[in-house]
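Please read this short report beside the sequence and the model.

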Amino acid sequence: MRLHPITKLQHEHGNMWRVQVAIRNQLDLLEHGGVPDAVLLANAFYYMRKFPSAVHHPKEDLVFDRLVKIGAPVQDLVKRLHAQHVELYVLEEMLIELALQLPAGRSESRNRMLLLGRQYLATQAEHMQTEEQTVFPQARKHLRSRDWKAIREQAREIEDPMFDGKAPERFQYLYDYMMREVGDEELAAAHATVVPGRKPKSAPAAQARK
Ligand SMILES: [Fe+2]
Ligand SMILES: [Fe+2]
């Protein structure tokens, strides 16, 4: 089935939301004196560092650039979203390192993981909500079929940088591996609270994985 480029971005957000729920569960555990799964945390931040920058953000840029070019009222928002992409990369790099230091049990790395981890989740949530609630609807409203045709063509190159059709699939392996480590029910229950107004059973990630 050929998905609309915005629907594809929304499905990718579905996976990204679920990874954030897994991160939040581990941070909650850490905060309450439990022993978090450092490997899961490191993998989760690694996924968030690699997948969006290689696949998701370049495709968002195709949409954002066209919106700016036609003068849609999103100029300032798009500037802010670009800046947040970079801000998130920096936080993800730091959080991967902190996750790898967690098994050593030093209190300063635990505290820093909690502080930066919470900051990361808040920024990521605000960022994705802005896209889903404002910029994606603006794109659906203002862009025309010739824009979507060009976006689809360029997106194909981003998804298949070596023309082997395997770029998103490689990230999907890591995603599936992580999600096997996280209970589905726990994830579904937490999903509703992380993303206000979303129904856990219709989390888009479940559809995107098929
Ligand atoms: Fe984004
Ligand atoms: Fe996004």
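## Helix packing in a predicted model

In α1, the residues Ile-6, Leu-9, Gln-10, His-13, Met-16, Gln-20, Ile-23, Arg-24, Leu-27, Leu-30 and Glu-31 meet Arg-110, Met-113, Leu-114, Gly-117, Arg-118, Leu-121, Gln-124, Met-128, Glu-132, Phe-136, Ala-139 and Arg-140 of α4. By class, this contact of α1 with α4 has twelve nonpolar, five polar and six charged residues. Two residues are in contact if their C-beta atoms, placed from the backbone, lie within 7 Å. Ala, Val, Leu, Ile, Met, Phe, Trp, Tyr, Cys and Pro count as nonpolar, Asp, Glu, Lys and Arg as charged, and the others, Gly among them, as polar.

This is a predicted model, in which local features need pLDDT of at least 70 and side-chain atom pairs count only at pLDDT 80 or more, while totals for chains, interfaces and linings use all residues. Residues are numbered from 1 along each chain as its sequence is written, and chains are lettered from A and ligands numbered from 1 in the order in which they are written.

Helices are DSSP runs (H or I, at least four residues), numbered from the N terminus.

| Pair | Angle | Axis distance |
|---|---|---|
| α1 and α4 | about 160 degrees | 10 Å |
| α3 and α4 | about 150 degrees | 9 Å |
| α1 and α2 | roughly 160 degrees | within 10 Å |

α1 and α4 are therefore roughly antiparallel, a term for angles over 145 degrees. α3 is likewise roughly antiparallel to α4, and α1 to α2. The crossing of α1 and α4 is left-handed, meaning that the near helix is turned anticlockwise from the far one by less than a right angle. The crossing of α3 and α4 is also left-handed.

Helix α1 covers residues 5-31. Its 27 residues should span 39 Å at 1.5 Å a residue, and its end C-alpha atoms are 39 Å apart, which agrees. The expected span is 1.5 Å times one less than the number of residues. Just after α1, Gly-33 has a positive phi of about 85 degrees.

Where is the kink in α2 centred? The kink, of about 55 degrees, is centred on Pro-52; the bend at a residue is the angle between axes fitted to the seven residues ending there and the seven starting there. Gly-71, which follows α2, has a positive phi near 80 degrees.

How values were computed:
Axes fitted to C-alpha atoms, helices over the stretch in contact; angles between N-to-C directions. Helix = DSSP H or I, 4+ residues; strand = E, 2+ residues; numbered from the N terminus. Parallel < 35°, antiparallel > 145°, perpendicular 65-115°, else oblique.
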